[in-house]
Amino acid sequence: MPHTNVVLSLSCRDQPGIVAAVAKTLFDAGCNVVEAHQFNDAETHLFFMRMRFAILKPGGSIEALKAEFEAVANDLGLSWTMRSLKEKQRVMILVSKFDHCLADLLYRWRTGEIDMDVVGIIANHPRETYAHLDLDGIPFHYLPVTKATKMEQEAQVWELIRAANTDLVVLARYMQVLSDGLCAKLAGRCINIHHSFLPGFKGARPYHQAFARGVKLIGATAHYVTPDLDEGPIIEQDVERISHHNTVEDLVRKGREIERRVLARAITWHLDGRVIMNGSKTVVFKD
C-alpha cells in the first residue's frame, strides 16, 4: 500500500533552486506532491516550505525516503522534518483549576477532530476537580505544588513527559510558570494558551483589567513556551468585539470561548506540520 499524507516541513537560508531540488528528489523517489506552500522572508532571508505528498513507488518507505533526502538536505543546509500523518503524535495535557480548554480538547480528540494520542493529564488539582469530565482510559497524574516543592514537582512532571515518549506538551490553562530548564527541554514542543490578546493585559485577572479599561476587543493567544514568560513565538490569536453592555462575567465567558478555539487551531496546525519556527516568530501554513 502506498504511503499517503506524508508531510515534509523545512526551513533554510534563502537561495535559488530549493523548490526544484526538493521536488526532483521526491519525484525520483516515486512521490506525488498533493499540497505545497512556501514563504520567503525578506527580513531574515530565510525560506520556509511545507509539502504533503504520497509515496507511490512499490515498496517505498518513509525511512528509505528520509535516507535519500539527507543528501539534498545537507547540500541546502535544511532544517527539516518528515513524517506520515497516520503516525499520531503523543500529547500530554497540563491543567489547573479552569478546565474549559481541557474539556474542549478531549471532545475534539474523542470525535477525531484533533488526530492525536492523549498519553496523560497532569494536574495540580485532584481528580475530583474534573469529576464532570470523561477521563476514562487517560492516565491522570495529580501533582500538587507549592513554592517550597516547585522544583521537586517539576522534576516529576518532566519524568512523566519523558516516560510517555511525549511529542507535544499542551498547557491547557496550567497556571504554573515553568522553569527555564524545563522550557529548554520542551523548546518547540510546548504550546500555551494565554488568556489575553498579547501583549496587552498581562498577569492576573486580565478580563477585569480589560473591563476597567473599557476595551472593545478581547482575545486569546496560543504560543510556544520559552523562558521569557508569555513572550514565546505566537502561533494563533483571535478576538471578539464587546461593548459597554457587557459585564465582567460576559467577558470571562466570551474569553473562554476564544481560548478554546485558538488553542485547538494551534495544536492542529502543529500536529499537521504547518508551524515552522522563524526566530521569535512563526510561519503558519494554514489549511
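Author: What follows takes the aromatic rings to begin with, then the cysteines, and then a group of strands. Please keep in mind throughout that this is a predicted model.

A pair of aromatic rings is described by how far apart the centres lie and by the angle between the planes. This structure holds three aromatic pairs. In one of them, phenylalanine 39 and phenylalanine 48 have ring centres 6.3 Å apart and planes at 25°, and the pair therefore counts as stacked, since planes under 30 degrees apart are given that name.

Another of the pairs is formed by phenylalanine 69 and tryptophan 80, and here the arrangement is edge-to-face, with 4.9 Å from centre to centre and 65° between the planes. Because phenylalanine 69 belongs to helix H2 (residues 62-76) and tryptophan 80 to strand E4 (residues 79-84), this pair ties together parts that are 11 residues apart in sequence. Phenylalanine 69 is itself buried, and its relative accessible area is 0%.

Turning to the cysteines, a disulfide is a covalent bond that links the sulfur atoms of two cysteines. The structure holds zero disulfides, and the distances show why for the two cysteines considered here, given that a disulfide needs sulfur atoms within 2.5 Å. For cysteine 31, the closest cysteine sulfur is that of cysteine 12, and at 19 Å it is too far for a bond. For cysteine 183, the closest cysteine sulfur belongs to cysteine 190, and the 7.0 Å between them is likewise too far for a bond. Both residues are covered: cysteine 31 counts as buried at 11% relative accessibility, and cysteine 183 is buried with a relative accessible area of 4%.

The remaining part concerns strand E10 (residues 217-224), which is mostly covered, as seven of its eight residues are buried. Strand E10 pairs with strand E9 (residues 190-194) in the antiparallel sense, over four bridges, and within this pairing isoleucine 191 stands opposite tyrosine 224 of E10. Strand E10 is also joined to strand E11 (residues 234-241), again running antiparallel, by seven bridges. There, threonine 221 has glutamine 237 in E11 as its bridge partner.

Technical notes:
Residues numbered from 1 in each chain as written. Predicted model: local features only at pLDDT ≥ 70, side-chain atom pairs only at ≥ 80, totals over all residues. Heavy atoms only, no water. Phe/Tyr/Trp six-rings, centres within 6.5 Å; stacked < 30°, edge-to-face > 60°. Helix = DSSP H or I, 4+ residues; strand = E, 2+ residues; numbered from the N terminus. Buried < 20%, exposed > 50% of the residue type's maximum accessible area, 1.4 Å probe, protein only. Pairing = 2+ DSSP bridges.
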